[in-house]
Number of protein chains: 2
Amino acid sequence: MAIKVSAPQRATISPEAAAFLAATPSARIPSFLIPLLTSRRMALRFRRQYQNSEDKAEESLIARYDLRVKPATISGVPVLEITPAHITPELEDAVVFNVHGGGFFLGTARDRPSLLMAHELGVRVMSVDYELAPEAAFPVALDQCLAVYRGLVTQHDPRKIVGVSTSAGGTIQLGMMHKARAEGLPMVAALGLFTPGTDVSGAGDSPVANGNGRDRERTGMSLGFIRHYIGGADAHDPFVSPIYGNFHDTWPPSIMTTGTRDFNMSNSVRLNEKLTIAGVPTALHVSEGMWHGYNYEPDIPEAIRARSLVNNFLLAALRRL
Amino acid sequence: MAIKVSAPQRATISPEAAAFLAATPSARIPSFLIPLLTSRRMALRFRRQYQNSEDKAEESLIARYDLRVKPATISGVPVLEITPAHITPELEDAVVFNVHGGGFFLGTARDRPSLLMAHELGVRVMSVDYELAPEAAFPVALDQCLAVYRGLVTQHDPRKIVGVSTSAGGTIQLGMMHKARAEGLPMVAALGLFTPGTDVSGAGDSPVANGNGRDRERTGMSLGFIRHYIGGADAHDPFVSPIYGNFHDTWPPSIMTTGTRDFNMSNSVRLNEKLTIAGVPTALHVSEGMWHGYNYEPDIPEAIRARSLVNNFLLAALRRL
């Protein structure tokens, strides 16, 4: 069974988005099956399947945009340096610090968001190949991203670094920024957060309203996989669920994009409110009818628009210097 | 039966909001009953009931905040002038131009949003007592608001006028601004839109996802009443459904607040995207777990926060002069 899209819903999304939803299977999963379906063994199996299909999509983007992808190491952590064919004038020394998504157990540094970002923003991307759960639990990925960030701010003017992340990448990047600030590290010029996770405890309205058949992600399954990442930590620890941290006006200007179907939409709207109250320049962009991770579909008009709005926000921050 | 709020949803809203939802009845209405329940006769009956309870709430706010409420006439249209006990320094000559909500068939110029706005913003409010449907169909209310606006901009520096509206008031105010711009009238300094309607055609994701039991408003009932307002007009006319109008960067800076349960949430997020693309300074504030019209609850923390964010946005615009 596919995700249900009725006529009034179809009227306000692109035909491309409607076709995507119509092709997205949506199976009701009995809750007693979730521990089984999200076991360590299943996580690894799901990862192989996922990466097989992502590999093709990623290679196609690399060819299409003539990107140069080079493995490197920063502070002992593997990263991927993605260089676009054309760099935006005056941004030769700027760098995007990317933390990929994939529910803490999927994906690589070569994720579609970083490839699209390199091309569309015209800025070099450094993307972290952090260790995934279940092999590595919290705080391994966070500390690896922090180590890379520590290296980046010694090599680059931090006002020329922007942080970008998708989904669970946002959870790690935001938690890491809390930790970086506690350590006295400088902040990035801006953050671009695509359908970010900010709370891994499962709390919120959208996990209930969207995560049970309206989104392509299911809250129960997502929480099942997340327990491998949380390990023995507390889901309400601000480094684990960054929404529970303190936000001051020293936090970098942030833009977040989510969709009305995103099972993590509440994660974005709660962060936006916290940042606004703290006096941080923030922009919340909600895309009508869009799902979790819609942002990295190369050719869906809503995704193109969302990336373009994020890129404008990041460019303005990089040019403020 | 009350609106269902599960544990993960309760975790991210205030106890006051949870109590409100728990006390809000949510009856499933068979679609064949809707024409009957939204007939002209029922609209008038519902209006009496609604106004009885609103009268009490409004009188209590007037007493609580020591507001002065004075009927007047602008360009032959009845308005209410609401003067706060304390006017914000340097904003003695500023004015809030308020268009009340109520699905085009309910409410008066003395709506709670204008009373709260007068007190919390500390600015005089001029609120239009436009004629309601079913007695008066489109474009009567729009033209009455436009006539008042035409009068206001001759009496006041338009840079000292901010437009404020809730729900159907937003539909009228936004449509009216399209018409005012077409007439060459100056724009207001800013717009503050609370859970606005921007599309009365029923199109969108949230009317389906939220308007069938998650919100206190039901999409079917709302559309049933709206047909008295639309009359013989086209629901896709930009003066009827302002989302279908053209937005340029001459549009006033706008802030809109909605909630993740608002059956009109899509109306806000679609407007925010259109304005952002047009280059209009815009802010979208989505309140976690909030419903249509949550903004005028005097003591619910989420509503207080949303009003305060809107007021900050309007104050910044009024002080820009």
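I took helices (H or I, at least four residues) and strands (E, at least two) as DSSP runs, numbered from the N terminus. I noted that the model is predicted, that local features need pLDDT of at least 70 and side-chain atom pairs pLDDT 80 or more, and that totals for chains, interfaces and linings use all residues. Residues are numbered from 1 along each chain as its sequence is written, chains are lettered from A and ligands numbered from 1 in the order in which they are written, and side-chain values use heavy atoms, without hydrogens and water.

**Entry on His285(A).** I located His285(A) in strand 8 of chain A, residues 282-287. Is His285(A) buried or exposed? His285(A) has a relative accessible area of 3% and is therefore buried (under 20%; exposed is over 50%, partly exposed in between; 1.4 Å probe, protein chains only). I then listed contacts (heavy atoms within 4.5 Å), leaving out residues up to four places away in sequence. His285(A) touches residues of chain A, including Met256(A) and Leu309(A), and also Asn272(B) and Glu273(B).

In chain A, helix 6 covers residues 140-155 and has 16 residues. From first C-alpha to last I found 23 Å, close to the 22 Å expected (1.5 Å times one less than the number of residues). Among the buried residues of helix 6 are Leu142(A), Cys145(A) and Tyr149(A).

**Entry on chain A as a whole.** I recorded 11 helices and 8 strands in chain A. Buried residues make up 63% of its 321 residues. The C-alpha trace of chain A spans about 50 × 45 × 40 Å along its principal axes. Of the contacts between residues at least 6 apart in sequence, 80% join residues at least 24 apart.
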